[in-house]
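Hello,

Here is the structure I promised to pass on to you. Please have a look at it first, and then read my notes below.

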Amino acid sequence: MTSIAPLRAAAMLAAVCMLPAAAFAQRQAAAAPVPARSAPLANLRYELTFDSASAAQRTLKVTVTFDVGGPGHVLLSFPAWTPGSYEIANFARFLTEFSATAGGKSLDWDKLDYDTWRIDPAGARTITVRFDYRADTLDNAMAWSRPDFAFFNGTNLFPYAEGRGFNFPATVTVNTQPGWLIATGMQSAPTPGSYLEGNYHDLVDKPFFVGRMDLDSTQVDGKWNRLATYPAGAMTGPARSLLWDQIAKVVPKMAAVFQETPWQTYTTLLVFTQEVGGGSALEHSNSHVGIYNPGFIGNPLLASITAHEIFHAWNVKRLRPADMWPYDYAQPQETPWLWVSEGITDYYADLALVRGGVIDSAGFLGLTGEKMAQIAAAPATALEDASLSTWIRPIDGTQYQYYPKGSLAGFMLDVLVRDASDNRRSLDDVLRELYRSAYKKGRGFTAADWWPAVSRAAGGRSFTDFNAKYIDGRDPFPWSDVLPRAGLRIASDTVREPRVGLATAQDSTGAILVQEVQPGGVAQEAGVKTGDQLISLGDVAIMDPDFGAAFRTRFGKNEGDSLPIRVRRGTDTLTLHGVVRLVARVETRLEADPDASEKAARVRNGIFTGVTGK
Ligand SMILES: [Zn+2]
């Protein structure tokens, strides 16, 4: 799924709110009792045009040409979602100007359902369908454009013949402005600007960047990697070299887990825009698309999300729960396994960072400790339930818990397997075994694959109880039992720090706006309101979203002092009167235990390095 990693809490809100509302209920109600079936189609060619003229209309011009191989109506359906982005988006809603012709003559058409067009071929052998697609949604599962650039996903633009399966080859041709570039994971065809894939699943798994961008490539782990970034000039020089260096460090450590680098070429496609406060990215089998606030450039979070998305090339794009094998583009595919597909991917992103030397072991423990704190503060939820529920985006605080909590479950399993096997086996072995026994055999994995594989790696230890308590159940994770096995411990300090009780977000002009005022907090008592623009807290000017650190440093010892809060409300500038209030906060952190046993120290080192054995 889209990994959403905000620079700060308020930004997360912005990133989540960008997603469109799900329409699961409507979709179920509309499911037809008898599956419809199109006349057979062959020789599908998708052609699209994006140049400065269509960019001005934020539109992609699409032409689909195909041969009709049998009797009956042609039924062309559009996907409802993009795999990895677990929400119903109904791409058919972005179409305008639909037409169908054969030999220059119009053909009759109507809608069979809301995302299926029914065309009467009237005896024609070759049909051309044309439509415009509105590219104005800034979401990595969708299509978006600027005057000099567009990105889009195949799920948005490429209809399929209803009821005829997905095992058909197709070509894509992109027409664009001279001098504009094209970046995609699709295989190039002999004609410039043309691409081909052998089946629909691969066709719609290769998003495109078209327009002005920075594009370069290098070899990583013996395979080509490309980096495309928009806008041109946004990520150049040292920041670009840094990301390249990080990619070069993490990829071999991920490949080592599976003993395979599964792509010919991997393409990282990044958009940087002030239109988002946070960052999110969406995985594909040989690429990913990331959309970030420019503040992510050079920020460690960018390396972290990039590692997460690249690891997905193995975990979820290839090793995948059977519930999503094969993908069904017409309806939600609920699975209780997102804690593995997303959570364990997150764990391996951290592992790749530490094993590749992008962060040190203290950095890894810091990331893990943050996840522990995040889960401790959240409502208890079962990992299976959180996984299943993502499609409806529950409001109870459990949404997306399968990321941090699933990551921690993976960490626990890794420790327990290493502990039980005297560090001879690890979670790496489990993933590698399933990759070979499920993905390589052309199927998804189930509980009957997963738990026996974990148990085998752990020398036959049963995980039935573990599953019941921590995956299917809501029991708190047993850190006091698990951490010592890896020579780790939780240390805690109480810190007292000033707090005003505000959540803020930066708008597109750079202003820091109040999003939320905490009841009973200093800001509320002073009269700060949602929507106010924050100008200063005492003598700390609010220039950027990271003002909190400066504020805490300035007022950390000033309990009870007067705190003028300056805000802009409409056209007025107000000075509100608050007081500095220090609030106690228990800061817990994960640290290496210097008194760990020799075995526990080996387990700990094994996690940090990927090494097994003595
Ligand atoms: Zn993910």
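**Cavities inside the model**

About 40 Å³ of space lies in the largest cavity. Please keep in mind that this is a predicted model. The structure holds two cavities of 30 Å³ or more.

If you want to find the largest cavity on your screen, look for its lining residues: Met 235, Ala 239, Leu 242, Leu 243, Gln 246, Phe 296, Gly 298, Asn 299, Leu 302 and Ala 303. Helix 6 has the largest share, with four residues. By class, seven of the lining residues are nonpolar and three are polar, and none is charged.

The second largest cavity has a volume of about 30 Å³. Leu 243, Gln 246, Ile 247, Val 250, Ala 303, Thr 306, Ala 307 and Leu 353 line the second largest cavity. Here too, helix 6 and helix 7 each supply at least two lining residues, and helix 6 gives the most, with four. The lining of the second largest cavity has six nonpolar and two polar residues, with no charged ones.

**Salt bridges**

Across the whole structure, a search finds 35 salt bridges. One of them joins the side chains of Arg 489 and Glu 591, with 2.7 Å from N to O. Arg 489 lies in strand 23 (residues 488-498) and Glu 591 in strand 30 (residues 582-592), so this pair ties together parts that are 102 residues apart in sequence. Arg 489 is partly exposed, with a relative accessible area of 36%, whereas Glu 591 counts as buried at 17%.

Another salt bridge is formed by Arg 589 and Asp 493, whose closest N and O atoms are 2.4 Å apart. This pair, too, links distant parts of the chain, with Arg 589 in strand 30 and Asp 493 in strand 23, 96 residues apart. Arg 589 is partly exposed at 38% relative accessible area, and Asp 493 is partly exposed at 33%.

In Arg 496 and Glu 559, which also form a salt bridge, the closest N and O atoms are 3.5 Å apart. Arg 496 lies in strand 23 and Glu 559 in the loop between helix 17 (547-555) and strand 28 (562-569), so the two tie together parts that are 63 residues apart in sequence. Glu 559 is partly exposed, with a relative accessible area of 42%.

**The overall picture**

The secondary structure of the protein comes to 18 helices and 30 strands. Its radius of gyration is 26 Å, close to the 25 Å that the globule rule gives for 614 residues, so the protein is as compact as a globular protein of that length. The C-alpha trace spans about 80 × 70 × 50 Å along its principal axes. Of the 614 residues, 55% are buried. Among contacts with a separation of 6 or more, 68% are between residues 24 or more positions apart.

Terms used. Residues are numbered from 1 along each chain as its sequence is written. Side-chain values use heavy atoms; hydrogens and water are left out. A salt bridge is a side-chain nitrogen of Lys or Arg within 4 Å of a carboxyl oxygen of Asp or Glu. Buried means under 20% relative accessible area, exposed over 50%, partly exposed in between (1.4 Å probe, protein chains only). The radius of gyration is taken over C-alpha atoms; the globule rule is 2.2 Å times the number of residues to the power 0.38. Contact means heavy atoms within 4.5 Å. On a 1 Å grid over the protein atoms alone, a cavity is a set of points where a 1.4 Å probe fits but cannot get out, and a pocket is an open set with protein on both sides within 12 Å along at least five of seven lines; lining residues have an atom within 4 Å of a point. Grid points are joined across faces, edges and corners, and a volume is the space filled by probe spheres set on the points. Ala, Val, Leu, Ile, Met, Phe, Trp, Tyr, Cys and Pro count as nonpolar, Asp, Glu, Lys and Arg as charged, and the others, Gly among them, as polar.
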